[in-house]
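Here is a friendly walk through a few local features, from strands and helices to rings and charges. Have a look at the model first, and then let us go through it together.

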Amino acid sequence: MGRHDTEYMQRALRLAERGLYTTDPNPRVGCVIVKDNRIVGEGWHRWAGEPHAEILALQQAGDLAAGATVYVSLEPCSHHGKTPPCADALVSAGVSRVIAAMKDPNPEVAGMGFERLRNHGIDVEIGLLEQAARSINPGFISRMESGRPFVRIKLAASLDGRTAMASGESQWISGEAARADVQRLRARSSVIMTGVDTVIDDDPSLNVRLSATQLGIEGNVRQPHRVVLDSQQRFPSDAKMLTLEGKTTLLTTKQDNGSLSCDVVRLDEVDGRLDLGSVMNWLSGLQANEVHVEAGATLCGALLNSKLVDEIVVYIAPHIMGCDARGLFKIPGLEHMADRIRLDIKDVRQVGKDLRITAIPADD
């Protein structure tokens, strides 16, 4: 594959990114159709239930799709879901070559789309810019490959690593620019998850407050599903989030006492607390791709200690909160340097007056 192939695939990936806030629970996919070194059709998956990227690109290309090369960020689907198989549409259009960034990890596809194309004489090449393609759909890929969503913890801390005063007061640690940046992390997520102590201390909204124009999308802003972990059902019945657009679900170890105006789901417990493995299984059942966690040190520490965290985003504010303030993670038993949980830094950049550090747990 040559330089032009890379350029066209880069275009397909940029198109896929346009679905960052809208395609859930489907993957974000972009497609470019090229004939005689000219783009004749392109498209991206916009909303779940609407036509896939390949279909939109074929509609734009029309008869010019015959004999053309198709660049797509994910393997064309081969099964009937809410829309017909894209692989069949490409065959019917008479394309001659398909270059895909990666195989679809969905076991209902998983190479069968490529096989269908090859069986009809279409040349298929796989793997161009695969890592870039995977980075666009971390949640969908995680859910298909590991059976659980991609879990991102967002934290705001002072320069000395404190997230709240001893009293629990925490608004606002980070600046306005950082808080706007967080809104985009929320908007791309399937679920925003927190613990009941955060609800009691802060009464957070946990919603997306950017407009469709600010997000660069058409239509209404999708509000992620709010999920609160509350083993003992201490959730306040007058919590602000219950009055807001979007769904709220309480996960607990107790029977529903019927006092709350939201869904209450009972899950397994371990030592009196919610079993986090059961929580992940329940989230997967929702088809949750990316789970955005905004919580206190106890839940964040438990998730990290259970190896259920894929990414940590910390906004470091230029101030000091002192030794009595609360820390980032509550993880008992780390007594020696050898016990440390190692992280790899993926990105560091300034957002307003704050620093944003993005890290992932290091491979053992």
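Buried means under 20% relative accessible area, exposed over 50%, and partly exposed in between, with a 1.4 Å probe and protein chains only. Helices (H or I, at least four residues) and strands (E, at least two) are DSSP runs, numbered from the N terminus. The model is a predicted one, where local features need pLDDT of at least 70 and side-chain atom pairs count only at pLDDT 80 or more, while totals for chains, interfaces and linings use all residues. Residues are numbered from 1 along each chain as its sequence is written, and side-chain values use heavy atoms, leaving out hydrogens and water.

Let us begin with helix α11, residues 297-305, whose buried residues are L299, C300, G301, L303 and L304. Just after α11, K307 has a positive phi of about 60 degrees.

Next comes strand β9. Residues 225-229 make up β9, and because 5 of the 5 are buried, the strand is largely enclosed by the rest of the structure. Both faces are covered: H225, V227 and L229 lie on one side, and R226 and V228 on the other. Two strands pair if DSSP finds at least two bridges between them. Strand β8 (residues 191-195) runs parallel to β9, joined by 5 bridges, and V191 has H225 as its bridge partner. Strand β10 (residues 248-252) also runs parallel to β9, with 4 bridges; here L229 is partnered by L251.

What does D181 touch, leaving aside residues up to four places away in sequence? Taking contact as heavy atoms within 4.5 Å, D181 touches Y315, V351 and R356. D181 belongs to helix α7 (residues 176-187) and is buried, with a relative accessible area of 18%. The side chains of D181 and R356 are joined by a polar contact of 2.7 Å. Such a contact is a pair of N or O atoms within 3.5 Å; within protein, one must be able to donate a hydrogen and the other to accept it, and residues adjacent in sequence count only if both atoms are side-chain atoms.

A charge sits over a ring if NZ of Lys or CZ of Arg is within 6 Å of the ring centre and within 35 degrees of the ring normal.

| Charged residue | Ring | Distance from ring centre |
|---|---|---|
| R18 | W44 | 4.6 Å |
| R46 | W44 | 3.9 Å |
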